[in-house]
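Please read the points below with the model open beside you.

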Amino acid sequence: MAEALVTIAAEGILKKVLSIAAGELAIAWGYKEKLTSLHRTLDLIHAKLRDAERKKESEVVMVWLKQLKDVVGEADDVLDEVDYEMLRRQIKKQDRMARKVVCLPSLKRFSFRYKIGHKIQNIHEKLLKINTEANSLGLQNEHPAGPVLDRLYWRETVPNQEEFKIVGRDDDKLHVIELLTQSRKEEKLSIVPIVGMGGIGKTALAKSVYNDKKIEQHFDVKAWLCVSVKADINTLLAKIYESLAKKKPTSDLRANLIESRKEQLASKRYLLVLDDVWVEERPYWEEFRSCMLNVSSQNGSGILVITRKLEIGTHDMHMDSCPLKGLSDDHCWDIFRERAFVAGTSASPELVKIGRNIVQKCGGLPLLLNVIGGTLAHYSDPEKWLAIKSSKVWDLEDERERVQKSLELSFDNLPNSLAKQCFTYCSIFQKDTLMEREELVQLWMALGFVQGDEERNKEMEDVGNDIFQILVSNSLFQDVERDEYGNISHCSMHDLVHDLSLSLSKNESLCLVDTTNDDIACIPQVKHLAFYQEQKYKLAAEVSMFIERNAVARTLHTLFIKGEVEKKFSFQRLKCIRILKLKGFSIEKIDDSIGGLVHPRYLDLTYTRIRVLPESIGKLYHLQTLKLQGCNVLKKFPKAMRNLINLRYFMCDKDIPTYVLGQLIYLRKLSSVKVLRRKGHGIEELRHLNNLTGSLCISSLENVRSKEDAVNANLSRKKNLYNIEFNWSGNDDVDKSTTINNR
């Protein structure tokens, strides 16, 4: 995996070096020659990466790649500092022109110039040494035929091809439905396990049962809950409450949790699905059943348990279980054929023969058939098919290892390093997370994985969406959900596919769920870190202590924190941070130190208790995404926010005053804006925001001062806005509105 990381980073740096070298600041400060030399050396090393990928089994080559990755990371940070200084000077220049102020030379600027020049020289010397070592390792120059994006655009995919069909499970489905609705209908509660190895289709079968009309008619209330980790009974009861009530319980005492569910369910017959369950001990299930038994007065409620554990639970659970076997050869071929061949075309007899051999090796597992079939769909040459058929992974004796390595074949055959890097980053999410497409693309952008493609006139978002579609069509992303316009909005990863991303990113990412003090004390050197606190235990001061004292924090590029953290912390230690996600964080104030960070591209403060944003937030010149939804007590937007000149996504439930928007010309998403009567606060501030997409609400239009101001807003040039809502607040306290829809 190291070679994929280095390739993406190196390609990004090569672009960045040329861009900065051509800039006014680099020329004025004498950086141009140094940057050009650095580019030349890095280009030589980049040419050797394809050969290094073929020799990655060699330990010495892997050490070389690790050294290169570290230096390329250093280079990225330094170039970001230079780019940040260019942006800072641009903003100061605009400010001086507006105020007609003369700027005098500063000692601080000379110090910065010397320090950065020294850093560039130091990095170049390290790269020269690495290039010399590459030559001694015998790595050959091998420039690719074209840019990495050349292999992004594969054949057109069949509409909805990514949505798996349930094949060969009709009898199993009828059996489970009967167990839930007929077998023990005189009893208050039945617990039915669907049992089988990973990838055999347990969750797919459960979803088919869950959405069946007979189930809809039989049960008054339904809920689906992903368990994933071994949860104690109180935690499980709290999760059940949350899945039914759509809010967290006010108490974690068992008696209160049971009483709350009695209020929820009363005389209703309910069906609860517990997905990805790992606890098998009989006493646990007896205790759990006892807790659930009397929450409803109705007979015939059911709990469907999805698990790999064959010996799960009580005697009745064993009796009612539905163990799944591998699919028949014919059903396996049906699944594979639909994934691997274009519908309505005649498949090559040679590929059909090879495909049937591959199907027999998949052991009747729908997941493997979908993933391997999705991969081969993009190759029409027999050589690639034969390579997968002849792979040694099929000979592995351990079943779990064989499945994992088989999935890795799909990863290895992704079209480029970019798709591989974007996939492995998804290990930062918890298992069973419903991932939002737009957020994924924003995160990939923030880390520099995806960049604009000038040759094809594609924005960063377009390239990111292409990568997303590749991962969907390869079945590494599944269970897609679509918006009202038919576009994919959300997806998830199968548990085994998530396990694959974890194993591939183990040296880069760490995802901690319900972590302890000991876990926090032993965090290894990683770039991407996530804390997910599901249980009531608070992270308290431990996370703050980690950020303030642990050296790992200084090199983090991603930090997700979901949970209660009592102590406020300073951001100044997060020197390299690109992504900061503090969703639901129990803080009321953001420390001013956030303005001292150079690299942030993505800041998520949704559902926090912040009342005001610090003025220093306006110094995050690289910021691309700012999320403030659910910040119900937020009252003020600093005027300095108008300096966030790279901002592309500004999501907030509040009306954004127009005075912070005028310079944000790259904005693509903005929910609502508020017009004020004062100069610099009017509707004309929207005139340069011609990249806006989706929908926009403009409120307080009674404050528009003139027709000329309204015309100057240039709303007619915002071609990608498909919905604009206009709101007026009347003197009679009755709001008036009208909507224009371009769809």
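1. Contact here means heavy atoms within 4.5 Å. Setting aside its neighbours within four places in sequence, Glu133 is in contact with Trp64 and Gln67.

2. The model is predicted: local features need pLDDT of at least 70, side-chain atom pairs count only at pLDDT 80 or more, and totals for chains, interfaces and linings use all residues. Residues are numbered from 1 along each chain as its sequence is written, and side-chain values use heavy atoms, with hydrogens and water left out.

3. pLDDT is the predictor's confidence in each residue, from 0 to 100. Its mean for the protein is 84, and 89% of the residues reach 70 or more. Over residues 145-162 pLDDT stays under 50. Where pLDDT is low, the predicted coordinates should not be read in detail.

4. Glu133 lies in helix α6 (residues 107-136); helices (H or I, at least four residues) and strands (E, at least two) are DSSP runs, numbered from the N terminus. Glu133 counts as partly exposed because its relative accessibility is 25%. Buried means under 20% relative accessible area, exposed over 50%, and partly exposed in between (1.4 Å probe, protein chains only).

5. Strand β10 (residues 528-532) is largely enclosed by the rest of the structure, because five of its five residues are buried. His528, Ala530 and Tyr532 point one way, and Leu529 and Phe531 the other.

6. Two strands pair if DSSP finds at least two bridges between them. β10 pairs in the parallel sense with β9 (residues 509-513) over five bridges, and with β11 (residues 558-562) over five bridges, also parallel.
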